[in-house]
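Please read the following note with the sequence and the structure open beside it. The points are numbered so that each can be checked in turn.

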There are 2 protein chains.
Amino acid sequence: LQEKYPSLEIKTLLGNPEAHLQNKRFVDQDLNRQFSEDKLLRNVDEEGMPLTVEELRAQELNEILGPKFHVAPQTDVVVDLHSTTSNMGLCIIIPEGDVVMAQAAAYVLHACGGEHGTCDVDTTARILMHSIPDRKLRPTLSSTGLHGFTIEVGPVPQGVLRHDAVEKTQRSVDLLLEFLHKRNEYGSEAMLQELQEIYGDTSGRVPCYRSAKAKREGEISGKIRWPSDPDNPNFPNVLIHKSLQDRDFHKIKRGDPLFVNYDGSYVNYEGSHGEQVYLIFVNEGGYYYESSGTGIGVAVKAEYDLETATLHEPLAEYEYSSS
Amino acid sequence: LQEKYPSLEIKTLLGNPEAHLQNKRFVDQDLNRQFSEDKLLRNVDEEGMPLTVEELRAQELNEILGPKFHVAPQTDVVVDLHSTTSNMGLCIIIPEGDVVMAQAAAYVLHACGGEHGTCDVDTTARILMHSIPDRKLRPTLSSTGLHGFTIEVGPVPQGVLRHDAVEKTQRSVDLLLEFLHKRNEYGSEAMLQELQEIYGDTSGRVPCYRSAKAKREGEISGKIRWPSDPDNPNFPNVLIHKSLQDRDFHKIKRGDPLFVNYDGSYVNYEGSHGEQVYLIFVNEGGYYYESSGTGIGVAVKAEYDLETATLHEPLAEYEYSSS
């Protein structure tokens, strides 16, 4: 790829080498929650104890890629490659307000296919735009550089490699680099023009998903929590209902079955995040951990503006035509 | 279930409570390889070091269920419930020569549906009969009682619960207990007669799979090994080709793509276990561990006799009609 895109300087790093060797998601803590200001700048934890494997690795990565809190981090674009046990397909996660990343994602979305795409391969792609626009407030790896672009591919069991998932990841990385290289070569105006032609029929708006806001007290935005085992906070006290399994980006409405208690009874969706929502990260293995936030992701359809990268929620339950 | 089947005395145990708490397949070693005579009877390992978590747990389980090497173990039937990351559906594993288990499996197979079944639910069931008839030579949990019956259900990522997999497991356990209870109530002759009526059109033979024998020197029976990373024996140096992913019990023939090298080139199946074989345990997470035996399972179609539980290989590439 370095030869293919000579205007880019590409650096490849393994996120968590120690967890990789142990064939685990993480050794002590979720790496992708360790990039907050307080964690990056301290030498001991709040109790004066040595830092965990992941806190130390986050500081190393921040040295190599950032520093995050410097005016000019060394890295322009941090691309964070993830797999998920949920059936998310190929999902690009970008922050609201980042125009370069929003345009890059629109470019990849179009070339990969999916709800708004034209490609003939089965790499249905989707964009998830999150609305913490200030990268300094995000605790994720992708916040260490000037711009962050996260790619989630699933379903992939933890501790297993899947050829199809590797190919989807490769394709999306290749397209992202192609966009960045073309932008270097031809300028941002030319790229915007190219994208405006593609998204002309939606007035320059790009279909995406965004976190669903909590509508009730006691709920958090973007996640439907599940009850955990009283003796083990990392073990759920319910099953996710089989009708939702493998159906990420599937719409549910108030009254639909959500969880199954161990006695076989159902817990229905009660509208905690709106009358109709789209589930994401359904049965994601990482969300079994209390420290990562247990539950199912919940989103709504939205769209963003190519020029400003700001989110708009479609007025009605607007369905994008699948090419 | 205890109330439903009063002639049975049902005991339920968690295989590996410590690994469960840590949300891992195992702490030190694969539990299901620790039930060999030398491992069950020793107090320290070959280097005089303390036993691993799994060796100790195997000895505990053997106390509760066996003892395996006693003339009369406490348990008549050990049912071992497994999940696998591979798309095995519902697969029953029994040893050749065990007439009671062979009949129980035939009963479950028929009631669950699948290639020889009549049930309308999507629990396609299959039987895998392995040919180490003497339970004392097997290192698996199911060998600790007089009879062993192992149920594999997949795909289930490690560290994740799936409602559909739980239901399939429950259904097969229920059917197994139903068979055992009926056998207690009506006798073995009546059960054989019932099964002979079901399998009358195949002359009392039950369709199954069995391990494919190695046809070449340097290969092991039942598994196509993959090359591992020179620096990490638990990390494969290839990917399983995407055409095989999720296609357990799918037939491949000499020349079909099997693995993908990291440079993108393919490794084809070279007939190591016969011209045409059926892959099983495709991308099973447990088989990433050198200590469990890395690779893909490989089987052939066979059938066994209801009365003797002995294996017969169909003369030709005989395809069982799917009801």
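A salt bridge is counted here where a side-chain nitrogen of Lys or Arg lies within 4 Å of a carboxyl oxygen of Asp or Glu. The model is a predicted one, and the points below should be read with that in mind.

1. Salt bridge between two helices of chain A. Glu194(A) and Lys182(A) form a salt bridge in which the closest N and O atoms are 3.2 Å apart. Because Glu194(A) belongs to helix α6 (residues 188-198) and Lys182(A) to helix α5 of chain A, the pair ties together parts that are 12 residues apart in sequence. Glu194(A) counts as partly exposed, at 28% relative accessibility, whereas Lys182(A), at 19%, counts as buried, the cut-off for buried being under 20%.

2. Salt bridges as a whole. Over all chains, the structure holds 28 salt bridges. Lys242(B) lies in the loop between β9 (238-240) and β10 (250-253) of chain B, and Glu167(A) lies in helix α5 of chain A, so this pair joins two chains.

3. In the salt bridge of Lys242(B) with Glu167(A), the closest N and O atoms are 2.5 Å apart; Lys242(B) is partly exposed at 36% relative accessibility, and Glu167(A) is partly exposed at 30%. For the salt bridge of Lys242(A) with Glu167(B), the closest N and O atoms are 2.5 Å apart. This pair also crosses between chains, running from the loop between β9 and β10 (250-253) of chain A, where Lys242(A) is found, to helix α5 (residues 163-186) of chain B, which holds Glu167(B). Lys242(A) has a relative accessibility of 35% and counts as partly exposed, and Glu167(B), with a relative accessible area of 29%, is partly exposed.

4. The interface between chain A and chain B. How much area do chain A and chain B bury between them? The value is about 2,700 Å², with 59% of it on carbon and sulfur atoms. The contact draws 30 residues from chain A and 30 residues from chain B, and four salt bridges are counted between the two chains. There are also 12 residue pairs in polar contact across the interface, both residues being at pLDDT 80 or more. On the side of chain A that touches chain B, the elements giving two or more residues are α1 (17-22), α5, β8 (232-236) and β9 (238-240) of chain A. Of these, α5(A) provides the largest share, with four residues. Sorted by class, that side of chain A has 14 nonpolar, 10 polar and six charged residues.

5. Arg162(A). This residue sits in the loop between β4 (147-154) and α5 (163-186) of chain A. Is Arg162(A) buried or exposed? Its relative accessibility is 10%, and because buried means under 20%, Arg162(A) counts as buried. Not counting residues up to four places away in sequence, Arg162(A) touches Pro155(A), Val156(A) and Pro157(A) as well as Gln245(B), Asp246(B) and Asn283(B). The side chain of Arg162(A) also makes a polar contact of 2.8 Å with the side chain of Asp164(A).

6. Backbone features to check. Most residues other than glycine have a negative phi, and most peptide bonds are trans. In chain A, the peptide bond from Gly66(A) to Pro67(A) is cis, with omega near 0°, and Pro67(A) is found in the loop between α3 (53-65) and β1 (77-83). Another cis peptide bond joins Gly154(A) and Pro155(A), with omega about 10°; Pro155(A) lies in the loop between β4 and α5 of chain A. Positive phi values are found at Phe281(A), near 50°, and at Asn283(A), near 65°. Phe281(A) is in the loop between β13 (276-280) and β14 of chain A, and Asn283(A) is placed in the loop between β13 and β14 as well. Phe281(A) is buried, with a relative accessible area of 7%, and Asn283(A) counts as buried at 2% relative accessibility.

Definitions and conventions:
Residues are numbered from 1 along each chain as its sequence is written. Chains are lettered from A and ligands numbered from 1 in the order in which they are written. This is a predicted model: local features need pLDDT of at least 70, side-chain atom pairs count only at pLDDT 80 or more; totals for chains, interfaces and linings use all residues. Side-chain values use heavy atoms; hydrogens and water are left out. Buried means under 20% relative accessible area, exposed over 50%, partly exposed in between (1.4 Å probe, protein chains only). A polar contact is a pair of N or O atoms within 3.5 Å; within protein, one must be able to donate a hydrogen and the other to accept it, and residues adjacent in sequence count only if both atoms are side-chain atoms. Contact means heavy atoms within 4.5 Å. Buried area is the accessible area (1.4 Å probe) that two parts lose on being put together, summed over both. Ala, Val, Leu, Ile, Met, Phe, Trp, Tyr, Cys and Pro count as nonpolar, Asp, Glu, Lys and Arg as charged, and the others, Gly among them, as polar.
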